[in-house]
Amino acid sequence: MSLMRGGFGFSPAVAALYCAALVVAGGLGSRPVLGCYSRIFSFGDSLTDTGNYVRLTAGRKPSSPYGAPPYGRTFFGRPTGRASDGRLVIDFIAQEFGLANVTAIQVGAGPADFPHGANFAIISSTANNASFFARKGLDITPFSLDTQMFWFRTHLQQLTQQLNGGGGGGGSILSDALVALGEIGGNDYNFAFNKGVPRETVRAFVPAVVDKLAAAVEELIGMGARAFVVPGNLPFGCAPLYLNRFRGAAASEYDARTGCLAWFNKFAEYHNRVLTARLDDLRRLHPDVTIVYADWYGAMTSIFQAPGKLGFTNALGSCCGNQSVPCGKAGCTVCEDPSTYVSWDGTHPTEAVYKLIADGVLHGPHASPVPLAKTCPPT
């Protein structure tokens, strides 16, 4: 039975091991909060994937651009499967907690190869599965959060068997771990917008997306997880891809201060309001569980409102690629200094932006109810 989009016929066990890339590559260099979390388990889409999609789709034609130069040039000096020029938010979070110096898993590796956790995020992932979109009359067959949760259950079972000799559950493994749930859900909307679905129709997807995220939190709590960081959507109305795609919109649909598509960003704000309200509910239901909302939207909006003050000289352009030749394809153009750009490839932020977001989540002010670095479990 194929578990993946495009008919990949891996067995469940192999698929779980194959797709679970570790959250960071070695040598990040930091002042870590040592002894805080023992592991990070991460879920999400292209904003968090550290190599799963590229490895899973290796050999497909056309090949994934994310595995080709100039992706990865800023920090790693080579493509790693990250959809950016360097590190992502999850890399900086792992660095903060001293969970660096790990490498990506290969086929055949076992739970022992995950000393600091695993990242199940995969490019193009949605919160909802293909059945949800089919009920909406949409032919969208993505990787989904359901798939990632399946991989995680398999991984946790194997890790538990290894550490506990087959006895007990995964509660002890998760009790001092951090679960990073997202960002995920943005593609549920983006794929629909790209197919021309009306805005109000897509807006009606929001409760289902948030329900899916909440259900994952509940399931993971039931498995023993006690600490979560859950990001909201980004202001995609500022992404060059969407500014180009919806160019020609009425002037009233743009934010005069930032030049971004106001309606698109208001949509993200609505998603984030629904999500934060649901996280409040989950905190009330589980007062012994730490759930931090990561305000990625607020962090990025602060850049667009005053890019020069933060060192960004090109807020609405792409550093890599253009409408004719996308980033990662032969002949694509690339800027001299990605750190002066907000967008790396028209859709995904640069490492400089991811670091700013991570700093805001870890140390404030873009996290609630407390900065993530202050959530270490008691010793």
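1. Helix H11 (residues 262-285) lies across E4, E5 and E8. Its direction is at about 170° to E5. Note that this is a predicted model.

2. H9 (residues 206-223) lies across E1, E3, E4 and E5. H9 runs at about 165° to E3.

3. Now the sheet itself. It is open, has 6 strands and shows mixed pairing. The strand order is E2-E1-E3-E4-E5-E8. Strand E2 (117-119) and E8 stand at the edges. Each has a single partner strand, so one side of each is left without a neighbour in the sheet.

4. In which sense do strand E1 and strand E3 pair, parallel or antiparallel? E1 (residues 39-43) and E3 (residues 177-181) pair in the parallel sense, over 5 bridges. Within this pairing, Phe41 stands opposite Val179 in E3.

5. Helix H13 (residues 351-363) passes a length check. With 13 residues at 1.5 Å a residue, H13 should span 18 Å. The expected span counts one less than the number of residues. The end C-alpha atoms of H13 are 18 Å apart, which agrees.

6. Which residues of H13 are buried? They are Glu351, Val353, Tyr354, Ile357, Ala358, Gly360, Val361 and Leu362. The cover over these buried residues includes helices H3 (89-96) and H12 (296-305). It also includes strands E4 (227-231), E5 (290-294), E7 (341-343) and E8 (367-368).

7. Check the residue after H13 as well. Gly364 follows the helix, and its phi is positive, near 90°.

Conventions: Residues numbered from 1 in each chain as written. Predicted model: local features only at pLDDT ≥ 70, side-chain atom pairs only at ≥ 80, totals over all residues. Heavy atoms only, no water. Helix = DSSP H or I, 4+ residues; strand = E, 2+ residues; numbered from the N terminus. Buried < 20%, exposed > 50% of the residue type's maximum accessible area, 1.4 Å probe, protein only. Contact = heavy atoms within 4.5 Å. Pairing = 2+ DSSP bridges. Axes fitted to C-alpha atoms, helices over the stretch in contact; angles between N-to-C directions.
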